[in-house]
Each structure stands twice: as C-alpha cells, then as structure tokens.
Amino acid sequence: MAVKRMDNMGIVVENLDATIDFFLELGLELEGRATIEGEWAGRVTGLGDQHVEIAMMRTPDGHSRLELSRFLRPAVVADHRNAPVNALGYLRMMFAVDDLEGTLERLRNRGAQLVGEVVNYQNVYLLCYIRGPEGLLIGLAQELG
C-alpha cells in the first residue's frame with residue numbers, strides 16, 4: 001500500500017491569530033508557529049518567491065494536523081476552481097507515502113498532474129504537490145532514511 005497516513009490538511013487564512021483561536025476553542029492544540037520562506041519552499045509549491053506564516057494545529061489524539069497559513073508574499077487569490085497554494089479557504093490535503101515516485105506514476109495514470117516539482121527537503125522528505133480530480137490540490141511526502 002502506498003499511503004501510510006494522512007499527514008495534515010492546509011487552509012490559507014487572512015487572520016492567522018483569530019483562526020488559531022477558533023481551532024483552540026474547538027479543541028485542537030497549537031503545536032507550533034513558524035515563518036516559511038526560501039528557495040526550497042517555492043520549488044515545492046510552484047510559487048517561486050514566497051513568505052508564509054504558519055501555525056500547526058493537532059487533534060487531541062495526536063493523529064491529525066491542520067496547517068494554517070497566512071501568505072505575506074505573494075498575495076492571496078480568490079478563485080478556488082484552479083487555485084494555487086495561496087488561495088483563502090480549503091486548499092490541500094497532505095499524505096505520507098512510502099514510494100513517492102511510484103505513487104506519482106500510478107496517480108498520473110488517473111489524470112494527476114505535478115504542480116511544481118518533486119523536492120528533496122534537507123534529505124528528510126521528498127515533497128510535491130499534484131492536481132487531482134476536480135482540481136483538488138494534494139500534497140505527497142515520502143520520509144527519507
């Protein structure tokens with residue numbers, strides 16, 4: 001089986017603090033906050049130069065996570081039909097897989113298209129985004145080593 005687990009789901013928001021507060025009230029826990037920028041990040045997302053504030057929320061059982069993102073650069077877009085990774089609202093699902101290349105090949109046979117490129121992040125993960133059915137944005141991550 002190629003999929004090991006669903007790693008996280010990402011949502012782009014305009015007000016990160018208010019959104020964190022909402023999910024804290026719902027019962028999720030704040031795992032951490034960070035700013036993401038750099039050449040590797042733009043290569044994964046296909047956006048190039050980007051600067052993003054993120055907050056990682058986790059369910060109380062520790063099995064599921066929600067990544068909240070506020071894009072500082074580039075600006076957000078509003079149309080979700082074929083939206084890139086900086087669109088407000090529901091955005092993508094990330095799945096951990098045991099064989100990223102094999103999974104990509106199988107999904108390409110079902111119409112999936114690579115968004116940016118497959119990126120090796122610090123020899124820890126192979127990462128990529130694909131467009132699946134109905135234009136859904138799906139992330140795939142393979143742990144290395």
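Tyr121 is partly exposed in this predicted model, with a relative accessible area of 23%, and Trp40 is likewise classed as partly exposed, at 27%. The rings of Trp40 and Tyr121 form a tilted aromatic pair, with 4.3 Å from centre to centre and 40° between the planes. Because Trp40 lies in helix 2 and Tyr121 in strand 7, this pair ties together parts that are 81 residues apart in sequence. Trp40 also belongs to the residues closest to the centre of the largest pocket.

**Aromatic pairs**

- The count of aromatic pairs in the model comes to 2, and one of them joins Phe22 and Phe23 in an edge-to-face arrangement, with 5.1 Å between the ring centres and 85° between the planes.
- Phe22 is exposed, its relative accessible area being 53%, whereas Phe23 is buried, with a relative accessible area of 15%.

**The largest pocket**

- The largest pocket holds about 670 Å³ of space, and of the 27 residues that line this pocket, the closest to its centre are Trp40, Glu67, Arg92, Met94 and Tyr129.
- At least two lining residues each are supplied by strand 1 (3–12), helix 2 (39–45), strand 3 (51–58), strand 4 (65–73), strand 5 (89–97) and strand 8 (125–131).
- Strand 1 gives the largest share of the lining of the largest pocket, with 6 residues.
- By residue class, the lining of the largest pocket is made up of 18 nonpolar, 5 polar and 4 charged residues.

**Backbone geometry**

- Most residues other than glycine have a negative phi, and most peptide bonds are trans.
- The peptide bond that leads from Arg73 to Pro74 is cis, with an omega near -5°, and Pro74 is located in the loop between strand 4 and strand 5.
- Gln122, which is not a glycine, has a positive phi near 50°; this residue sits in the loop between strand 7 (119–121) and strand 8, where its relative accessibility of 59% means that Gln122 counts as exposed.
- Asn123 is also a residue other than glycine with a positive phi, in this case about 55°; Asn123 is found in the loop between strand 7 and strand 8, and it counts as exposed because its relative accessibility is 60%, which lies over the 50% cut-off for that class.

Key:
Residues are numbered from 1 along each chain as its sequence is written. This is a predicted model: local features need pLDDT of at least 70, side-chain atom pairs count only at pLDDT 80 or more; totals for chains, interfaces and linings use all residues. Side-chain values use heavy atoms; hydrogens and water are left out. On a 1 Å grid over the protein atoms alone, a cavity is a set of points where a 1.4 Å probe fits but cannot get out, and a pocket is an open set with protein on both sides within 12 Å along at least five of seven lines; lining residues have an atom within 4 Å of a point. Grid points are joined across faces, edges and corners, and a volume is the space filled by probe spheres set on the points. Helices (H or I, at least four residues) and strands (E, at least two) are DSSP runs, numbered from the N terminus. Ala, Val, Leu, Ile, Met, Phe, Trp, Tyr, Cys and Pro count as nonpolar, Asp, Glu, Lys and Arg as charged, and the others, Gly among them, as polar. Buried means under 20% relative accessible area, exposed over 50%, partly exposed in between (1.4 Å probe, protein chains only). Rings of Phe, Tyr and Trp (its six-membered ring) pair if their centres lie within 6.5 Å; planes under 30 degrees apart count as stacked, over 60 as edge-to-face and the rest as tilted.
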